[in-house]
Amino acid sequence: MSLNKQANRRIWIDYKNDHVQITLIPGKELRITEYESTDEGYYFQNRRYYLDSEGNIYVSGISGGRDCDGCIEYRNGYCIQPDGKIVNIDSGIYDPQAQQAGY
């Protein structure tokens, strides 16, 4: 009986203002949520890391916050292929105040 074991992959990420190495297991998802109060509101960051069976690492995240000027959200997503190539999948900014002003 042969085992079809796929290799784990390690990557370095930024976490709480430091570099941390994480290990991803194929088919498992790692979610990291950070939240912090600021002097004018709050800041948050949600990230998702996923390793598929082909060895591709998918990273997606939403970050943003609220301060005296209102709220804003940043969205991004990319794939790190086994050869190290990074492919952008998704990105954008959601700024309700700018939308109301017609920007």
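This report describes the fold, the nonpolar core, one hairpin and the aromatic pairing of the protein shown above.

The model is predicted, and local features are therefore reported only at pLDDT of at least 70, side-chain atom pairs only at pLDDT 80 or more, while totals for chains, interfaces and linings use all residues. Residues are numbered from 1 along each chain as its sequence is written, and side-chain values use heavy atoms, with hydrogens and water left out.

**Overall fold**

The protein has one helix and seven strands, where helices (H or I, at least four residues) and strands (E, at least two) are DSSP runs numbered from the N terminus. Along the sequence these elements follow the pattern β-β-β-β-β-β-β-α. The radius of gyration, taken over C-alpha atoms, is compared with a globule rule of 2.2 Å times the number of residues to the power 0.38; at 17 Å it is well over the 13 Å that this rule gives for 103 residues, so the protein is more spread out than a compact globule. Its C-alpha trace spans about 65 × 30 × 20 Å along the principal axes. Buried residues (under 20% relative accessible area with a 1.4 Å probe, protein chains only; exposed is over 50%, partly exposed in between) make up 25% of the 103 residues.

**Nonpolar core**

A nonpolar core is a set of buried Ala, Val, Leu, Ile, Met, Phe, Trp, Tyr and Cys residues joined through side-chain atoms within 4.5 Å. The largest such core has ten residues, among them I11, L24, Y49, L51 and I80.

Not counting residues up to four places away in sequence, L51 touches residues including A7, L24, P26 and I57, a contact being heavy atoms within 4.5 Å.

**Hairpin β6–β7**

Strands β6 (residues 70–80) and β7 (residues 86–94) run antiparallel and are joined by eight bridges; two strands pair if DSSP finds at least two bridges between them. They form a hairpin with five residues between them, and G84 in the turn has a positive phi of about 95°. G77 stands opposite D90 in β7.

**Aromatic pair**

Rings of Phe, Tyr and Trp (its six-membered ring) pair if their centres lie within 6.5 Å, with planes under 30 degrees apart counted as stacked, over 60 as edge-to-face and the rest as tilted. By this rule there is one aromatic pair: Y35 and Y42 are stacked, at 5.7 Å centre to centre with 20° between the planes. Y35 counts as exposed at 56% relative accessibility, whereas Y42 is partly exposed at 28%.
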